[in-house]
Amino acid sequence: DLSLVTFFSKKISSGRGKVLLDLEVSDQWASPRLRGELTLKDGKIRTVNLSQPVEVTALSALFNERQVILENLQGRLGGGDFHITGKAALAGFKAEDFGFLLEVKKVRMDVAKDLAATFDGELFFQKKGPEQTLKGELSIKNAVYDKKLELKQFILDLIKKRAYRLLEETPVIGRTKINIHLYGKEEIRIENNLARIPLVIDLFVKGSFDEPQVIGRVDLSNGEIYFRHNTFRVISGSVDFLNPEELNPIFDLTARTDVRNSVTDRNYAIDLNLSGTLSQITLTWNAFPVLAEADILALLAVGKTTADLVDVGGRAGAEATSFVVSEFFAEPMDQITGMVGEPVQKITGIDRIRVEPSINETCTNATVGTRL
């Protein structure tokens, strides 16, 4: 009964199904000869490492004295199918050198927190002497990152992960050397409050299971980025992983939006340029026709340039408004995206807010106020 496997491994939380074992043990106990077979149909196992159960539709293994041959292990995992074949040398009742081929089709797995992906591909897991290797190719068939993000905190979290190291080694597979080609170009996208961008991925994951290294490129050829209340069209973009020793990719992104000056009725094309690494990101702006950066930011924020915001007393309304926003909304609202923080969001149900200068003109005078 598969429910008994929980007594032999802390990594297995539950089991269901019947295993049939016909085994002959002979020779010395320290170096036995094992002959027989093991079969299983319609079993199910839950492990502490996987969020989904492993369903085994068929299992057939032969014991050939000092070798076990896995003729067939097939089943379902994460809504998809898997198939494993291979063999292992036996030293007593333990496996020594081995080689197993794993084939997956439409298997959905959690690759990171808040991100699941569907894979096709083949992996070969091998052990020779003290060294274990896992290599192969995985094609990403579907992956959507739709978690709402606060941009500054997201960047800070990524920087923290660069320096992260496991305190304890993962049992059995922690030091396994990996060399996996990870690629995909359809149904892979970011789709949340910050952006809607399709991705083309071509990466090699190397290093070890506990300390992976990433080399390759992610292309962002089109899509949209949301900055304040403006929608930017992605012109070009890439994320290059060039340093295998640390997770510090190089960003290069250009996006454009069209903004109309509500006072002069003139249209401007504004480019957002994001470049650098996680440790040093640079954001620059360009406008056509040419504008100073302060005018670009004012145009994006309120649809007017700084010259249009000067009140009758000669003071810039944008400066006062900027101060109020930064001081009053420093915690609850992100100054870059306009996203409201969690406390305000829970109380009001509002997830985006914008404060801007408002000029109220009458036939006798003009006053500068603030519009929410």
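The protein exposes about 22400 Å², of which carbon and sulfur atoms supply 55%. Accessible areas were computed by the Shrake-Rupley method with a 1.4 Å probe, and for residues only the protein chains shown count as cover. The model is predicted: local features need pLDDT of at least 70, side-chain atom pairs count only at pLDDT 80 or more, and totals for chains, interfaces and linings use all residues. Residues are numbered from 1 along each chain as its sequence is written, and side-chain values use heavy atoms, with hydrogens and water left out.

Of the 372 residues, 37% count as buried. Buried means under 20% relative accessible area, exposed means over 50%, and partly exposed lies in between (1.4 Å probe, protein chains only). Contacts were also counted, with contact meaning heavy atoms within 4.5 Å. Among contacts with a separation of 6 or more, 43% link residues 24 or more positions apart.

The secondary structure comprises four helices and 20 strands. Both are DSSP runs numbered from the N terminus: helices are H or I with at least four residues, and strands are E with at least two. Two strands pair if DSSP finds at least two bridges between them.

β3 spans residues 54-65 and β4 spans residues 67-77. The two strands are antiparallel and share eight bridges. One residue separates them in a hairpin. Within this pair, Ala58 has Gln74 of β4 as its bridge partner.

β4 also pairs with β5 (residues 80-91). This pairing is antiparallel too, with nine bridges. Here Gln67 is bridged to Ala89 of β5. β4 and β5 form a hairpin with two residues between the strands. In that hairpin, Gly78 adopts a positive phi near 55 degrees. In a regular strand, side chains alternate between the two faces of the sheet.

Positive phi values also occur at residues other than glycine. Asp27 has phi near 75 degrees. This residue lies in strand β1 (residues 12-28). Asp27 counts as partly exposed because its relative accessibility is 47%. Asp265 is not a glycine either, yet its phi is positive, at about 60 degrees. Asp265 sits in the loop between β16 (250-260) and β17 (267-277).

A cis peptide bond was found as well. The bond runs from Phe288 to Pro289, with omega near -5 degrees. Pro289 belongs to the loop between β18 (280-288) and α2 (293-302).
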